[in-house]
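Hi,

Here is the structure I said I would pass on. Have a look at it first, and then read on for what turned up.

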Amino acid sequence: MQRQVIQRILGLLLAAFSLTMLVPVVFSFLYEGESVLPFIASTLITFAAAVALWYPVRDFRDDLRLREGFLIVVLFWTVLGIFGALPFLFSPALSLGLTDSVFESISGLTTTGATVITNLDTLPKSILFYR
């Protein structure tokens with residue numbers, strides 16, 4: 001198993017995901033402006049983790065085998081679910097714990113529509129867009 005290949009690709013994918021967290025910032029500025037900080041903090045933390053994963057192995061080049069590909073997919077869904085929960089954890093409009101935040105994140109990534117949040121119509125538009 002080539003750990004460097006997995007680490008490099010996971011870091012790059014996480015960096016790309018961190019940039020997608022900036023889109024709700026635009027919604028926040030357009031509609032209310034109150035929930036900007038959770039998304040900016042989440043973006044910075046996610047991007048810092050991505051760089052920490054990618055930077056040590058940035059020059060490593062090797063072929064990706066099928067077994068590493070499967071592991072990358074599993075790890076990416078797991079890591080994406082955890083880092084995707086950060087805006088829910090940091091949002092002052094929500095009072096979700098870690099478990100509920102990860103559930104909301106995985107629910108949004110898998111598009112199941114399941115939620116643990118009540119009173120959805122009172123949430124900021126940026127949170128609704130992110131969900």
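Before the count, the rule: a salt bridge here is a side-chain nitrogen of Lys or Arg within 4 Å of a carboxyl oxygen of Asp or Glu. On that basis there are 2 salt bridges. Bear in mind that this is a predicted model.

**Salt bridges**

One of them pairs Arg65 with Glu68, with 2.9 Å between the closest N and O atoms. The two partners sit in rather unlike surroundings. Arg65 has 40% relative accessibility, so it counts as partly exposed. Glu68 comes out at 0% and therefore counts as buried, the cut-off for buried being under 20%.

The other bridge joins the side chains of Glu104 and Arg131, at 3.3 Å from N to O. This pair ties together distant parts of the chain: Glu104 belongs to helix H6 (residues 98–110), while Arg131 lies in the segment after helix H7 (125–130), and 27 residues separate the two. Glu104 is buried, at 3% relative accessible area, whereas Arg131, at 30%, is partly exposed.

**The largest pocket**

Both Glu104 and Arg131 turn up again here, among the residues lining the largest pocket. That pocket holds about 190 Å³ of space. Its lining also includes Phe17, Thr20, Val23, Pro24 and Phe88, along with Ser105, Gly108, Leu109, Phe129 and Tyr130.

Which helices supply at least two residues each to that lining? They are helix H1 (3–20), helix H2 (23–31), H6 and H7. H6 gives the most, with 4 residues. Sorted by class, the lining has 7 nonpolar, 3 polar and 2 charged residues. Glu and Arg count as charged, so Glu104 and Arg131 are the charged residues in this lining.

**A nonpolar patch on the surface**

Ile45, Leu89, Phe90 and Leu98 make a nonpolar surface patch of about 330 Å². Of these, Leu98 is located in H6. Is Leu98 buried or exposed? Leu98 has a relative accessible area of 55%, so it is exposed, the cut-off for that being over 50%.

Cheers

Notes: Residues are numbered from 1 along each chain as its sequence is written. This is a predicted model: local features need pLDDT of at least 70, side-chain atom pairs count only at pLDDT 80 or more; totals for chains, interfaces and linings use all residues. Side-chain values use heavy atoms; hydrogens and water are left out. Buried means under 20% relative accessible area, exposed over 50%, partly exposed in between (1.4 Å probe, protein chains only). Patches are made of residues with over 30% relative accessible area and no salt bridge: like charges are joined within 9 Å, nonpolar side chains (Val, Leu, Ile, Met, Phe, Trp, Tyr) within 5 Å. Accessible areas come from the Shrake-Rupley method with a 1.4 Å probe; for residues, only the protein chains shown count as cover. On a 1 Å grid over the protein atoms alone, a cavity is a set of points where a 1.4 Å probe fits but cannot get out, and a pocket is an open set with protein on both sides within 12 Å along at least five of seven lines; lining residues have an atom within 4 Å of a point. Grid points are joined across faces, edges and corners, and a volume is the space filled by probe spheres set on the points.
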